[in-house]
Amino acid sequence: MREEEVSPEGWKPINVKGFINEIGPLLRPLERGEEEVYAMQAEARHLNPLGLVHGGVLTSLLDQAVALVAWNACDRQPTVTVQMDTRFLGAARAGDFLATRASLRHATRSLLFVDASVSAGGAPVAAASAILKRTAKTGQST
């Protein structure tokens, strides 16, 4: 989905700087619940030679979701991903709506532990567990 296209009903693009805009746009639901949910529309440009959504697209989506959860949990202070373990559980194709759910599992003074999953049409595609580190405030926003 390109910027000039209309977002799926109930979703809107969010302005997140950086790489995710090269593969996005990243979407969020118009009505926010307790759980952090983000999404993107899979397109032909996201596919690998087998015709499936490339694992790099899925891991980028997961990494962005865990980063946003950590950023919000730290009162919008910067964090960096220290480690992210990803499990590929299924396949996604062009046209699939990739819904990503992420939640904070635990936080210490310097580390945040976040879990996330991606599904397409309700079927699991990938899951991740990540550790993020709080960083010194740089004056830049995410």
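A word on ground rules. This is a predicted model, in which local features need pLDDT of at least 70, side-chain atom pairs count only at pLDDT 80 or more, and totals for chains, interfaces and linings use all residues. Residues are numbered from 1 along each chain as its sequence is written, and side-chain values use heavy atoms, with hydrogens and water left out.

Now color by pLDDT (the predictor's confidence in each residue, from 0 to 100). The mean is 89, and 89% of residues reach 70 or more. Select residues 1–6, though, and pLDDT stays under 50.

Next, the core. Here a nonpolar core is a set of buried Ala, Val, Leu, Ile, Met, Phe, Trp, Tyr and Cys residues joined through side-chain atoms within 4.5 Å; buried means under 20% relative accessible area, exposed over 50%, partly exposed in between (1.4 Å probe, protein chains only). Select Leu26, Val53, Leu98 and Val118: of the 33 residues in the largest core, these touch the most other members. Then show α2 (55–73), one of the elements giving at least two residues to this core; α2 supplies the largest share, 10 residues.

Zoom in on Val53. Beyond four places in sequence, Val53 touches Ala42, His46, Leu47, Asn48, Leu58, Ala92, Arg93 and Leu98, with contact meaning heavy atoms within 4.5 Å.

Hop over to Ser119 in strand β6 (residues 111–120). Is Ser119 buried or exposed? Ser119 counts as buried, at 18% relative accessibility. Its contacts beyond four places in sequence are Phe97, Leu98, Ala99, Pro124 and Val125.

Last stop: salt bridges (a side-chain nitrogen of Lys or Arg within 4 Å of a carboxyl oxygen of Asp or Glu). The whole structure has 2. Select Arg105 and Asp115, whose closest N and O atoms are 2.9 Å apart. This pair links distant parts of the chain, with Arg105 in strand β5 and Asp115 in strand β6, 10 residues apart. Arg105 is partly exposed at 48%, and Asp115 is partly exposed at 24%. Then pick Glu43 and Arg45, with closest N and O atoms 2.6 Å apart. Glu43 is buried at 15%, while Arg45 is partly exposed at 34%.

Key: Helices (H or I, at least four residues) and strands (E, at least two) are DSSP runs, numbered from the N terminus.
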